[in-house]
Amino acid sequence: MLHSPPVRLAEVTCGYTEKQMRGPGKTREILGTRACVSAEMATFEDESSTSQSPVDLFNSQGIDITPNKDRGVCKIVKRHGKEGERPMIGDKVHVHYTGRLLNGKKFDSSFDRKEPFVLNVGKGQVIKALDIGVCSMQKGEVCLLLCKPEYAYGSAGSPPKVPTNSTLLFEVELLNFRGEELTEDGGILRRIKVKGEGYNNPNEGATVHVHLEGRCGGRLFEARDITFVVGESEDMGVPLGVDRAMEKMQKGECCLLYLKPKYGYGKEGKPEYDIGPNAELLYEVTLKDFEKAKESWEMDLNEKLEKAVLVKQKGTQYFKSGRYYHAVIQYQRIVSWLEMECGVGKEQQQAIQALLLVAHLNLALCYLRLREYSQTVENCNKVVELDSQNEKALYRRGEARLLRNEFTLALMDFRQVLQVNPSNRAARCRIAVCQRKIREHHERDKKIYANMFQRFAEHDAKVGRLKRKKEESGLVDQNNKAVKKSRTKSQDGS
Amino acid sequence: MATNQLDDVIQRWRTTKEKDLKPEDHELFLNIGGTCIAQGDTTQLLDFIKEEKNQGIVKSMGCGLLRPLIKDVVGKERDPVHCEAIITHLVQICRANDLLDVLLREMEDADPDAIADTIILLMQHIQLVLSRLGDSKALSLGRALAALQKQISKLPVPYSRKQEQEDKYGLCRCCTALLTFVQPFVQEVKSQDTKSPVTTSNDEELRTVLLKFCMQSLREPLLEAQLDREADTTQNSPLRNFATEIMAILSAIQEPLPKLLFYYPLRGKEDMGVGRQDDSHPTESRACLAYLLFVQLIAMEVFPAVFSPIFVLRCNMEYINILLSRKDESWILKGLDLYVKSLERVLDNSLPVQLLELRPFYSVPQILVKIMIECPIQHLRVKALVVFQLFIEKLNGEAKHKFFRCIMKTSQHAGVESVILKNIKNQAEHSSKSEHRDGWFEGTLLISLLRDTVSLPQGPETDLLHGMDRVMESLNLLRYLLIKERTKSTAIWTDLCNIAKTYIKILRVCLSMSKSYYGTELKSLHEEKKIKAKEFKEMSKKKSIQHMIVKNESLGGMPPEAQDKVLQCALVTYDLMESLVVRIEEITEERV
């Protein structure tokens with residue numbers, strides 16, 4: 001207990017230095033290697049104004065990089081990048097660019113916004129010329145692109161700056177790229193090898209036909225054709241990450257998926273493939289075909305109710321086998337179908353209520369197991385909205401809050417449980433735990449703050465002395481270290 | 001209380017420590033202060049509060065005086081100079097947290113008739129209090145802004161430019177004041193950025209609070225505001241100015257617009273609820289952002305120009321969907337404008353059929369049709385039709401083919417169906433002329449489209465008068481195609497003739513039924529007229545009985561003259577249809 005304050009402070013200092021170190025790096029990215037780029041541009045402009053028009057320059061030096069070789073996009077490399085990979089389709093790419101008309105007039109530049117331009121390359125998010133151009137680059141490369149209107153804004157132009165049928169000149173620097181994160185936690189990274197057709201994706205419950213190749217540390221451990229239902233891949237032994245990626249894929253797409261253990265075989269590993277615990281996996285997946293499941297808006301209420309019962313069973317089955325993520329997917333489906341339904345007649349209303357209640361209650365339990373406590377609380381709140389006396393919901397919310405160190409709130413929840421059911425012994429135990437924790441917490445706080453003022457005074461005195469020293473020597477670096485050291489020391493002393 | 005007694009009390013307070021003051025003391029102080037204010041002795045109170053020796057008292061108990069002071073200023077019964085001076089003094093001396101609580105509570109309790117005055121008065125003081133909070137102000141700023149915006153959202157948004165100038169309820173004044181209010185905090189974030197790349201947590205929090213404020217402002221009041229009823233830009237519009245400044249704040253706090261608009265996770269649920277969408281960036285706010293950017297071109301100069309028009313359209317379609325789904329003039333108008341602007345940059349004949357698989361690309365045209373048919377506001381109906389046509393122009397051949405069939409199946413409105421049939425005719429005409437034909441409006445593909453569209457879904461029971469638009473357009477289309485094809489030796493002639501024959505066969509049944517029905521109706525109407533005329537003559541002879549009987553006999557609420565006109569008109573239409581039918585039959589027989 002006595003040690004805790006110094007440790008905490010040390011952490012803070014560490015965080016600080018780390019941020020400081022990140023600082024300049026970030027600035028560099030923001031500015032790109034602007035000096036270089038503008039210099040390049042200057043030379044280029046010189047060339048264009050004195051000797052050659054840009055078009056002539058590209059005719060003599062430019063390389064046609066269009067797939068059908070129609071000289072729609074020509075490229076001149078001004079600075080070579082690092083040898084190695086080039087961006088793949090869908091990669092999240094950071095670039096700096098300046099776009100000009102042939103008369104030299106700038107119409108758009110990422111430098112003016114003081115931040116790099118970010119895009120998922122090769123997916124038609126930007127004009128064709130840039131998609132093609134960036135895909136051809138390497139990290140750090142700087143190049144010039146001459147783009148015919150068909151690869152830029154065409155006959156429509158981009159009013160007010162780009163007139164119709166303009167040939168454009170881009171200068172692009174590729175700063176960085178990495179695969180596309182399919183989940184917010186970055187647990188699934190996708191890189192597309194072959195782009196799929198159209199815009200249609202499988203949805204939750206769709207039947208997909210895929211070819212899988214799974215690798216772990218470079219070793220191929222499975223290769224097979226398989227058909228499964230999105231959200232239920234577990235039944236066919238396909239890892240969660242592949243399942244989750246399905247909703248983002250199109251027919252015919254072939255991609256690489258980099259899976260964190262959570263989305264692979266997790267803590268248990270997979271002995272039958274000789275995969276140990278917490279292994280990262282690489283899957284190559286081809287979506288050969290799929291049949292969509294009916295969307296929520298395509299079903300009437302009765303159909304939804306019927307399906308919800310089946311989905312609930314599926315969820316429970318996953319829950320029992322400890323597949324909490326999979327269970328969450330199933331229960332979540334019930335919520336998304338029925339959340340906005342009100343139903344006609346008492347019978348239907350009750351059926352909806354009952355299903356929603358169970359779904360939220362089970363979601364709360366799943367999230368509790370997954371240690372996603374805020375989600376637990378949220379789902380319990382939904383249950384309490386429907387039924388303010390729900391013992392399980394109150395208890396689970398209390399548990400989640402207890403684990404989030406919100407002792408007072410937890411205490412209130414458990415007391416409410418006892419009001420609903422005075423014979424709930426577990427809740428009684430939990431109340432005792434809460435009370436003990438609250439006491440402990442108070443005491444710790446007391447100790448932490450006890451000598452605070454004295455410490456501050458000492459600290460101020462030292463900083464004052466150091467400042468004077470700094471003014472004398474002017475060595476910032478050493479001083480910083482000294483401050484940290486002295487601060488830690490003073491805490492140890494207390 | 002006698003003066004000397006009061007002096008004693010004050011003397012005692014001056015020497016008492018803050019924590020030793022009892023609730024009775026507080027009460028007494030407030031009573032005395034309150035009485036002063038009520039009686040208008042504010043000069044005296046000001047002197048007391050400014051007295052150096054009293055600063056301790058004011059610091060510990062002064063907060064309570066704010067409430068009556070604010071009431072007095074807002075009430076405007078007297079010259080507020082002294083009250084305002086007292087408030088300013090209190091705001092500088094009392095504890096910042098207490099002050100904030102009191103001021104925010106006052107704001108929440110604002111008299112519904114004086115919301116604007118109250119919050120404009122309070123804003124300057126809250127700003128001062130916040131600036132006293134130093135580095136821990138982000139949270140409090142968030143609280144203050146939320147409370148302010150909640151009050152402002154209660155004010156009606158001006159509808160016309162004139163109302164905006166009058167600003168009867170004070171919304172525009174509030175918006176302007178709000179901008180002044182947040183300015184120092186925006187500046188703080190900005191100066192942090194230039195000073196060092198290291199971001200402090202306070203900085204981050206301020207940024208988050210300001211972002212939330214901007215998003216909320218976009219939702220209310222900007223989504224309701226009519227920003228360009230009259231395209232008169234010379235006149236200064238406070239709401240437009242507000243919109244511009246909000247966009248400026250977004251860029252000042254380094255929030256990239258593409259990220260907000262295009263790369264924001266739209267469906268949080270897919271990711272197993274890990275990153276659920278929080279309510280601080282509602283889709284409506286982002287829809288308004290898209291509108292301001294793409295339609296009003298506010299902040300367009302800092303928006304990257306390299307996005308492909310189709311991608312922009314795809315992203316905006318979600319927003320258009322939301323804007324059009326709400327039955328509210330300002331929303332629908334924004335949706336339609338955004339739709340037009342998003343389509344204008346797309347090349348004609350370039351949208352691929354796969355786009356129609358996306359949900360908003362399905363639902364937006366459906367809503368558009370609904371607006372065209374049902375919306376009570378005429379200029380919206382007209383605009384919807386224009387956008388509908390514009391969208392059709394942008395689809396490529398295959399997409400048009402699919403879209404036409406889909407609308408014919410779902411619209412169930414003769415007017416809309418006639419628009420589609422007219423488009424089919426135009427496409428057939430176009431495809432024979434243009435060099436890069438894609439074949440979707442000729443040959444067997446055209447025939448299959450005609451089979452689905454040139455028909456009378458209710459068979460002989462079709463109400464021809466009601467479905468007139470569709471029937472006429474179908475006949476026009478058939479005639480055009482037959483004339484076009486008769487000179488060529490293409491394989492579709494037989495198919496075309498078959499379609500025409502089947503259609504005409506049913507139509508003829510319809511026509512003869514309708515004609516005889518309307519003919520009889522007209523006849524009986526004429527008979528009645530005769531009878532009435534006769535009766536009238538007789539009656540005018542008798543004169544004693546008035547027009548009672550005549551009134552009893554009038555049919556269907558419509559005066560007989562109008563009925564007569566409608567029936568005549570219908571018969572003329574049927575004649576017109578019949579003449580077209582005859583012409584078509586002639587053409588088909590000529591060639592055979």
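Predicted model: local features only at pLDDT ≥ 70, side-chain atom pairs only at ≥ 80, totals over all residues.
Residues are numbered from 1 along each chain as its sequence is written, and local features need pLDDT of at least 70, while side-chain atom pairs count only at pLDDT 80 or more.

**View 1. The contact between chain A and chain B.** Contact, meaning heavy atoms within 4.5 Å, takes in 45 residues from chain A and 35 residues from chain B. Together the two chains bury about 3,600 Å², of which 56% is on carbon and sulfur atoms; buried area is the accessible area (1.4 Å probe) that two parts lose on being put together, summed over both. A:Gln125, A:Glu184 and A:Tyr199 supply 19% of the area that chain A buries against chain B, more than any other three residues.

**View 2. Polar pairs across the two chains.** Between chain A and chain B there are seven residue pairs in polar contact, both residues being at pLDDT 80 or more; such a contact is a pair of N or O atoms within 3.5 Å, one able to donate a hydrogen and the other to accept it, and residues adjacent in sequence count only if both atoms are side-chain atoms. The count of salt bridges between the chains is zero, a salt bridge being a side-chain nitrogen of Lys or Arg within 4 Å of a carboxyl oxygen of Asp or Glu.

**View 3. Helices H8 and H9 of chain B.** Helix H8 (residues 115–132) and helix H9 (residues 137–152) of chain B pack at an angle of about 175°, with their axes 11 Å apart, and the two are therefore roughly antiparallel (the word for angles over 145 degrees). Helices here are DSSP runs (H or I) of at least four residues. Among the residues that make the contact are B:Ile119 and B:Met123 of H8(B), and B:Leu141 and B:Leu148 of H9(B).

**View 4. Two backbone details.** A cis peptide bond, with omega of about 10°, joins B:Glu220 and B:Pro221, and B:Pro221 lies in helix H12 (residues 201–222) of chain B. A:Arg371, although not a glycine, has a positive phi of about 60°.

Definitions and conventions: Chains lettered and ligands numbered in written order. Heavy atoms only, no water. Axes fitted to C-alpha atoms, helices over the stretch in contact; angles between N-to-C directions. Parallel < 35°, antiparallel > 145°, perpendicular 65-115°, else oblique.
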